[in-house]
2 protein chains.
Amino acid sequence: MAYSVVGQSAQRVDAVAKVTGKAKYTDDFFERDMLVAKILRSPYAHAWVRQIDTVQAKALPGVEAVLTYHDVPHIKFATAGHPFNLDPKHRDRADRLILTDKARFVGDAVAAVVAADELIAQEALSLIKVEYEELEALLTPDAALREGAPLIHADCPHNILSDQGFHQGDLEQAFGRADVIVEGEYQTSMVQHCHLENHISYAYVDTQGRIVIVTSTQIPHIIRRIVGEALGIPWGRVRVIKPYVGGGFGAKQDACLEPLTAAMTLAVGGRPVKLNFTREECMMDTRRRHDFTFRLKSGLTKDGRLLGIRIEAISNTGAYASHGHSIAGAAGSKYRYLYDVPALSYEPRTVYTNLPVAGAMRGYGSPQLVYALECHMEDIARKIQLDPIDLRRKNLIKIGHIDELSDNKVLSCGIRECLEKGKALIRWEEKQKAFERQTGDKRRGLGVACFSYASGTHPVGLEIAGARIVLNQDGSVQLQTGAAEIGQGSDTVLAQIAAEVLGLPLGKVHVRSEQDTDTAPFDTGAYASRQTYISGMAVKKAAEAVKAKILDFVWGMTDIPAHALDLKNEQVVYKHSGETVLPLAEAALNTYYDTVFAQPITADVSNNARVNAVPYGATFAEVEVDLKTGKIEILEIYNVHDSGTIINPRLAEGQVHGGVSMGIGYALSEQLLFDEKTGRPLNNNLLDYKLPTIMDTPDIGVAFVETAEPTGSFGAKSLGEPPTLSPAPAIRNAVLAATGAAFNRLPMNPQRVFEKLKQAGVI
Amino acid sequence: MAYSVVGQSAQRVDAVAKVTGKAKYTDDFFERDMLVAKILRSPYAHAWVRQIDTVQAKALPGVEAVLTYHDVPHIKFATAGHPFNLDPKHRDRADRLILTDKARFVGDAVAAVVAADELIAQEALSLIKVEYEELEALLTPDAALREGAPLIHADCPHNILSDQGFHQGDLEQAFGRADVIVEGEYQTSMVQHCHLENHISYAYVDTQGRIVIVTSTQIPHIIRRIVGEALGIPWGRVRVIKPYVGGGFGAKQDACLEPLTAAMTLAVGGRPVKLNFTREECMMDTRRRHDFTFRLKSGLTKDGRLLGIRIEAISNTGAYASHGHSIAGAAGSKYRYLYDVPALSYEPRTVYTNLPVAGAMRGYGSPQLVYALECHMEDIARKIQLDPIDLRRKNLIKIGHIDELSDNKVLSCGIRECLEKGKALIRWEEKQKAFERQTGDKRRGLGVACFSYASGTHPVGLEIAGARIVLNQDGSVQLQTGAAEIGQGSDTVLAQIAAEVLGLPLGKVHVRSEQDTDTAPFDTGAYASRQTYISGMAVKKAAEAVKAKILDFVWGMTDIPAHALDLKNEQVVYKHSGETVLPLAEAALNTYYDTVFAQPITADVSNNARVNAVPYGATFAEVEVDLKTGKIEILEIYNVHDSGTIINPRLAEGQVHGGVSMGIGYALSEQLLFDEKTGRPLNNNLLDYKLPTIMDTPDIGVAFVETAEPTGSFGAKSLGEPPTLSPAPAIRNAVLAATGAAFNRLPMNPQRVFEKLKQAGVI
């Protein structure tokens, strides 16, 4: 179908604002006499706080408040940014206090100072005297799972947050029938989001006695609820405002700062208090990606049909639950739409340790599981000597597939075409041949990896989204959503959807980027790649409601029935011919000022989306491994995506660039390191933490296979997280092809590669 | 009917914010690197600007822009805060440019400077060289109407802005039938609003290229349109934000600053520019009340039945039209609901002069006409020797009266009861007797005056109002209106209406006080005493929509039909018994989180109110006149109002206190003075302009006659302007009773009183 605005590479609505520095982030706002806060952090990974002496700190001139465990509500709350669940059994684990009386990782917050400026706050921290009683630090899942290990949370036996998996089909029978059994162990690393804008919030009590929190978050409406819960106050007494946000990637899908910021303003009589994390704090005390250890066992026929897979997973969630059990669960659910496997068993254990808290991060468990699964598929292909693309093709699911556990049906699926396209782009066969017999210090190889994902969280999570559209007198509209622009471009894409429905150029859709829980429609926020698909549905619904009202109004003005009318190019037109009936602006003016019939047109809609579309994709990588240095160079890399209709190709390409780059860092260099004895972070800064720079990033090839998803707005599916899922296994598979060495542990940095190649006898 | 929240003297929702200084007014916001603006004003009342040399001013370091007539769009626009009219014939006169090439009063803006700070801006003003060509200054309507007088606006012959009146019945026949003819001339003075917060605006271009104006205004949505018109840009590209406002009284029902502020930010590339008027500027170049000269002629039967009245009025609108012709028109329409007069002729002329611009001010023409009419009624009573209360009673209209010209019907009328109540309060008969034969230097007298008014502007103006209500998870609601809180208490009253419908305590209605045209429902704003009546209707409609949705949702939850349910005390109850079905908060939580039926509840409504209720009232005053000094002391004063149901008695009383106090100033001391030759303002400051202080203000008695207006929310009619209508004539009539001298010219300050008494031979 030909669209006017959808499918166009329209310039971001915030492009100029962002490149000129006009866009306002949380730190760009200020209140009169804003106080600043600093946090006192535990130097121990596991210790009781036996006593805190704050007398001297409080006496320091300029200090307005010092808070400890004794000064905050003793209400345990969950920080994960999920919709509230009416069923207490399905809520996230409430294991957090605003300030703790037991340190559970190095950096855990035991006290907070509110002062006139940062220097005073910093000095006050040094005047607080804390008496700790050290406990054994459990720094690995193994240590935490050890019989007799101390409990990190008293109410959590064996330090296991959750072990809920699933079984489907008869796995033992499948393994019994199998011609071939393949087993493997795969391990991912701890990485951090490294969004450009650190975590920052400020809060004050407003003129009506409500707490207002301005914060860099992906989930303003959820933050409102969590702050209400943490403080034990009615949620309506909290107001959250989200300005522009400089990235989140999941680390801001969590209430990291807001409950404390709110508690601090209450401690100083409602005066404004700002909490602005340093990069070091961000990398220690917000969230990180879960490291997983997987053990996979597959049974298949000799011609490569998968009969059954068992996946055992241990997920290290760190000191507090956050999204822990949910991520292990999500990892187990999203790959099921890729291969048609009669028997599946997923057996995860999410384990508390005395390390920083793991939480949501782009892909939400899938980058880990897709890494394991797609390495494993390569291993299988090698074992049965089948081309890895052919192995995959043999097992791919087909349109119409219904997932047994979720009852969700695949209505669009372009993975076959993605594989074809990627194969052609990288010239798979030609290069396979060329790389057959390599000698010398530099070896080249090709790798592939696929994925399936989801668009939102249905049926596990609630998918409420809202949009409000107001028709202005000049025929332009204001668009308000509850969806959160966090840098990904959702304001632009959602505006394109509205513009398409209303026959407007994009410039006539004035998007309100800020979400304010007082005025923004309710929407759970930016996560799970849900906004284009889920929030887009709400925007389309609102735009269609506005359109219907406009056509109905014009019916009244002209006596031409609404069903004979349409909106195109800012005109109300005859639907059959496109001929102009009257300019939209004229109709709009009448909706405001007709003395009898005036009724300004707005639509304020909410949508409960009980559908979930499955996006697909694949990465193709060509690498060159320098055997002497262990350095892996990516010569070519292509991500080919089926995300349904692409609403904005240029923005979509940007998403893929970012996701692949994140995948490359995940594959080759990134890893949070901790002292093995004390649990002290070793590289929580952007110098020592090896995020890829532009020099480490190859040209990233992007291609799309545009299927038409029936449930998506104009056929769209999700694209936010998918690009980051398959690069790491594709690179690993290419390195295996190049060197014969299977890297089953991330990251594949030069030191590890060198050691592994040596150990494997390649060098 | 017994209400829970309506009728209660609830504390203002902004009370604490305002007394603690937390409430933010326009000047409390700031943008990074805000520039400031100053205006160069004409020293001549009437002069062509022949040349402006801005070279030196522009060269001054820190000056960012100097604007003159040549730098602004040459689009004439109207500043009056009225809804746009689709019919060009019914629009306000567009006679204004952002900066003028012809000065039409002393203070007219001929250039503006934008600079880094105020001192630089001030200095730059002194560096601008203007060459004027002086014209004859027309400083009175007489001068302006003189044959051959220069035209103030080239396209306006005879300097008459408008002379549209009306005739009803056969006046000549009425005068012919009359037993008695009474004639009189009455003259009111120029006064100024003297709101606490001066006019202030700032503007910048936002991240999407739209102009944002933060301004102290009564009419945010109208300002958006006027700025669009003045700059010749689509109205959707303008966004207006109204924070708390420190009073307006009509002076902010006009686009005084905003078009220039917007033009200035465009001149400096969208950087923020603030224009903050001094008190002196406010009193010279915003708006003032029209001074009127009336000539009344009445014919009546010997027993006091009015047969016909002719009213000739000359209204001095100053240099630009603003609300001019509309105020003369309104003055002619609102008193028609008071006395049943078979023949009426209203013959106004609104005349341009070279004085500051007259515009809307509390009462909008009625304080002038009610003064004339109610002085005239006293004069009639004296002529036919009838008690003035009896004269009025004989002629009052009755419920069911239909106004011939507007077709509007009186559905509630408590004026008779108001007269009874006021008479009793002041002990009319007892004092009349006591005052019969006075001697000595101090003489006492009683006076009375009545009025009828309107609630909004229907059918002359469009009465669109909007409200949006969001139900929170805790059962509280957010209320957004387009109505403007400007100090009068509308946020509180509108919240009470919502609370009453929804069975909530007032504290559970979180009012958003700020109006932002991007998110606030469309409403034309705070004027014409319309908000409780007109905007209240929209709030009630929204609350009822929310209530219906809640009850419907609970029907789904409980299988109890919605019609059997009601909301009371934060509970969903059985309507027949009041027994709780479930807490509202539980239902609310389900509207957000029921996995299948969740649909957060909001209502976003607009209402086109094509009704108009007539409020009534009377002032009773007892004065003591010191014959030796000419000083008038008000010993007792009572305003008795029929404003239908009183939603909040304490706030209503506050409105009456303010209005009566304004009426007292109008009667006794206030007057803008100008040099008779040059038109230069002589007392445009709060030292020389004699606003009554607390020492000049007597205890003000307030009483209400609560009729139930069928069209009002919970029976309410308007109260904003009415209190200021009748004090001045009541005081004048009391002075006449005390001294025998008829003061037909305002103000009755000691100098005038002394002179008049001398001239009348009293002293």
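Cysteines and the chain contact

Analyst: At 11% relative accessibility, A:Cys194 falls under the 20% limit and so counts as buried. This is a predicted model, and every value here is computed from it. The sulfur of A:Cys194 lies 8.9 Å from the closest cysteine sulfur, that of A:Cys282, which is too far for a bond because a disulfide needs the two sulfur atoms within 2.5 Å. In chain B, B:Cys194 is likewise in no disulfide, with the sulfur of B:Cys282 as its nearest at 8.9 Å, and B:Cys194 is buried too, at a relative accessible area of 11%. Over all chains, the structure holds zero disulfides.

Turning to how the chains are arranged, chain B can be superposed on chain A with an RMSD of 0.0 Å by a turn of 180° and a shift of 0.0 Å along the axis. The two copies are therefore related as by a two-fold rotation axis, and the same surface serves both of them, since 98% of the contact residues of chain B recur in chain A.

The contact itself draws on 64 residues from chain B and 63 residues from chain A. Between them an area of about 5,600 Å² is buried, and carbon and sulfur atoms give 49% of it. On the side of chain B, the residues that lose the most area to chain A are B:Arg32, B:Thr207 and B:Tyr593, which together make up 12% of what that side buries.

The side chains of A:Glu31 and B:Lys24 meet in a salt bridge, with an N to O distance of 2.9 Å. Several elements of chain B give two or more residues to the side that touches chain A, among them helix H6 (220-231), strand S18 (464-471), helix H16 (584-593) and strand S25 (602-608).

Helix H16 also deserves a look in chain A, where seven of its 10 residues (residues 584-593) are buried, so that this helix is largely enclosed by the rest of the structure. The buried residues of H16(A) are A:Leu584, A:Ala587, A:Ala588, A:Asn590, A:Thr591, A:Tyr592 and A:Tyr593.

Methods: Residues are numbered from 1 along each chain as its sequence is written. Chains are lettered from A and ligands numbered from 1 in the order in which they are written. This is a predicted model: local features need pLDDT of at least 70, side-chain atom pairs count only at pLDDT 80 or more; totals for chains, interfaces and linings use all residues. Side-chain values use heavy atoms; hydrogens and water are left out. Copies are superposed by least squares on the C-alpha atoms of residues with pLDDT of at least 70 in both. Contact means heavy atoms within 4.5 Å. Buried means under 20% relative accessible area, exposed over 50%, partly exposed in between (1.4 Å probe, protein chains only). Buried area is the accessible area (1.4 Å probe) that two parts lose on being put together, summed over both. A salt bridge is a side-chain nitrogen of Lys or Arg within 4 Å of a carboxyl oxygen of Asp or Glu. Helices (H or I, at least four residues) and strands (E, at least two) are DSSP runs, numbered from the N terminus.
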